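Take a moment to look over the chain and its fold. The paragraphs below walk through it step by step.

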Amino acid sequence: MKSIRKFILSSVAAMCVFPSCSDYLNIVPDKNKTLEGIYTTREEAYNALASVYFYMPLDNRRKSTWLLGDEWVQPEYNVDYTQWSPIRVMERRMTPDAPYLGIWSGTDGAKPLYVGIGVCNDFINRIDAVQDMSFSEKEDWKAQAKFLKAYYHFLLLRQYGPIVIMDKVVSPNDKLESMYVPRSKIDECFNYIVKTIDEAIDALAMRREGIDLGQIDKLGASAIKARVLLYRASKFYSGNGDYNNFYDADKGLFFPQDDAATTQVKWQDALTAINKAIELCEANGVAMYRYEKRILDVDQADFDANTDIMQTYYNLRMVICDRWNKELIWGCSNLPFTDNQEIYTDANIMIQNGLGHPGTMGWNNPRNSSQSLGASYKTLERFYTANGLPLDEDITFSDATKYDVVTTPGPSSNPTEYAKTRGILQPDAETIKLYLNRELRFYANVGITGSYWRAYSWRIPTKFYFGTPGGVQSAQSSYAFWTAIGAQKPVEITSMNDDPRTITLYPTPIIRLADLYLMKAEALNETLDAPNDEVWEAINKVRLRAGIPTVQDAYTGPNVTGTARGKHRYKDDMRDIIAHERKVEFAFEGHIFWDMLRARKAVTEFNAPVMGWDKAGENATDFFQVRLCQPRMFTLRDCLWPLPTSELNKNEKLIQNPGW
């Protein structure tokens, strides 16, 4: 879909129907046309539909919600804090004067979603006037705009809590007072969003194909509806006592103080929507991803010798990078031409001379591979052991010896173990016990010493010590992972760095099937007194693809600790298992922050410093020292974004969020 910048308006209070032009317009309307005549042909309407999609947030970039939480760490020596504003949020540096990632009115380079909602409303009002379109096509396009209007409201609610519902076009002829609308209560916001999605779903095409990929369809809308209802039932939005003093102008509470029975009804509504979305997706070919393309030449021999493990590795390594694969239900295709501001360029390591494609620009050249956005130490420990258990629940893992330096299995030194790790770990390489016997998502997602980094159609044997592949190359270089830990998940394995055109782009995943399965496990668990086979079956669809034991086998097998044995049979413990599974499956995909927020765990989870290795270390002894990299502070105030001061000054009916 074309990305056309139209209707750039100043704020929710000044929202109107007059389009404004910019240098980015592909098509500039004739200035002599009347407003009513703008949508007279299908081509003009299509361009207007593109403008509706323009307001989709561009995730997978430095300034996106993907960097919220505690997974990512920016370069140590980068002094331009504004480039990494999501991480500034986690340091409690935000102010109401210019909020970071401010989607309310478009501060800090964010898309102004209330402007986008106004564009949606205007499109819905005008599309019927187009002459050279069929009725069904008009209804489909109108439904797309209606869904996006609901989706933009949901993103605002997720970030700000109670929001202003904008369901109609504000005309320049309307009285000024009508433009100033108060915030609605949380339940009213959710009800409006769900109602609007429901109105859109029936008219949407079942599944988009070809050039229409990225436009919302019935499958995507159903999946997002399920997510919306999951949020509505979650602790942050249902019965949240932290906001029992947050009142609107009429002295009504913004956040519902639901009792257990009301919350149960909300969980059941979520489960119904999730089941319907799964049924619809599975009936239309959506399935858990499996890599079926060409294996990297450098991997072929290891793939042939260790097929099952290497196949699983590729499934996990490419699950988000393989364009429009079967698991992706909806993704954002509004991709920018790379400007070295994307997560996949910031996260990619520089390639040393002599490795990879001969066209790559070589070691120490950061163009389109700046080796600057790394992962936190905490992320390392989140991934399971090979037995499918958290580190502290596996008796084969020793916390006392996890930093001991060891040598990986080799074909001669340890042929039995080497057969299991071939293609995953470098043979006879220096590493630590923490990096051994981990699940394959660990090796596919993270960049570590003793394993491989796959990019440039090559696999780079990473070490991450000072002066080695993946490591810092000079004492003051900003092109280095501050924690000396990489995140290769968002880096497509064939992307080059010599020219932006050689970077393999892929749609940013918004929702994929694994999410629906884990949502089902969560919602079903909440509706039951104790988890059952159906709960376990849903989570196991994700675990089995990852190559780890089922949750039943993991928690009754010989490797689980006594205190954790059988915990999958209890509701509260199963809730924790599902939450942990989401952290692992969706690592580096922008989920953990929002999952912890809706579970009312964000303050305890994120109010902690970021730790990492000593990147200046030139050998294992000096390198594998856990050190403080970045202090962070996250409090209850930070769970809701502040409304911009400029909006409060314009609209006296707006009430600021607590603590701001």
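What follows moves from the whole chain to one helix pair, and then to a group of aromatic residues.

This is a predicted model, in which local features need pLDDT of at least 70 and side-chain atom pairs count only at pLDDT 80 or more, while totals for chains, interfaces and linings use all residues. Residues are numbered from 1 along each chain as its sequence is written, and side-chain values use heavy atoms, with hydrogens and water left out.

Start with the whole. The protein chain has 22 helices and 12 strands. Both are DSSP runs numbered from the N terminus: helices are H or I with at least four residues, strands are E with at least two. Of the 660 residues, 61% count as buried, meaning under 20% relative accessible area with a 1.4 Å probe, protein chains only. Contact means heavy atoms within 4.5 Å. Among contacts between residues at least 6 apart in sequence, 71% join residues at least 24 apart.

Now turn to two helices. Helix 1 spans residues 42–53 and helix 3 spans residues 113–126. Their axes come within 9 Å and cross at roughly 155 degrees. Axes here are lines fitted to C-alpha atoms over the stretch in contact, and angles run from 0 to 180 degrees between N-to-C directions. Helix 1 and helix 3 are therefore roughly antiparallel, a label for angles over 145 degrees. On the helix 1 side, A45, A48, L49, S51 and V52 meet V119, C120 and F123 of helix 3. The residues of this contact divide into seven nonpolar, one polar and no charged. Ala, Val, Leu, Ile, Met, Phe, Trp, Tyr, Cys and Pro count as nonpolar, Asp, Glu, Lys and Arg as charged, and the others, Gly among them, as polar.

Next, the aromatic rings. The whole structure holds 42 aromatic pairs. Rings of Phe, Tyr and Trp (its six-membered ring) pair if their centres lie within 6.5 Å; planes under 30 degrees apart are stacked, over 60 edge-to-face and the rest tilted. Y435 and F442 form a tilted pair, 5.9 Å centre to centre with 50 degrees between the planes. Both are buried. W613 and F624 form an edge-to-face pair, at 5.0 Å and 85 degrees. W613 and F624 are buried too. One aromatic cluster includes Y435, F442, W613, F623 and F624.

End with F623, which lies in helix 21. F623 counts as buried because its relative accessibility is 0%. Beyond its neighbours within four places in sequence, its contacts include T449, F464, Y465 and W613. The C-alpha atoms of F623 and F466 are separated by 8.3 Å, though these residues are 157 apart along the chain.

Conventions:
Angles under 35 degrees count as roughly parallel, over 145 as roughly antiparallel, 65 to 115 as roughly perpendicular and the rest as oblique. Buried means under 20% relative accessible area, exposed over 50%, partly exposed in between (1.4 Å probe, protein chains only).
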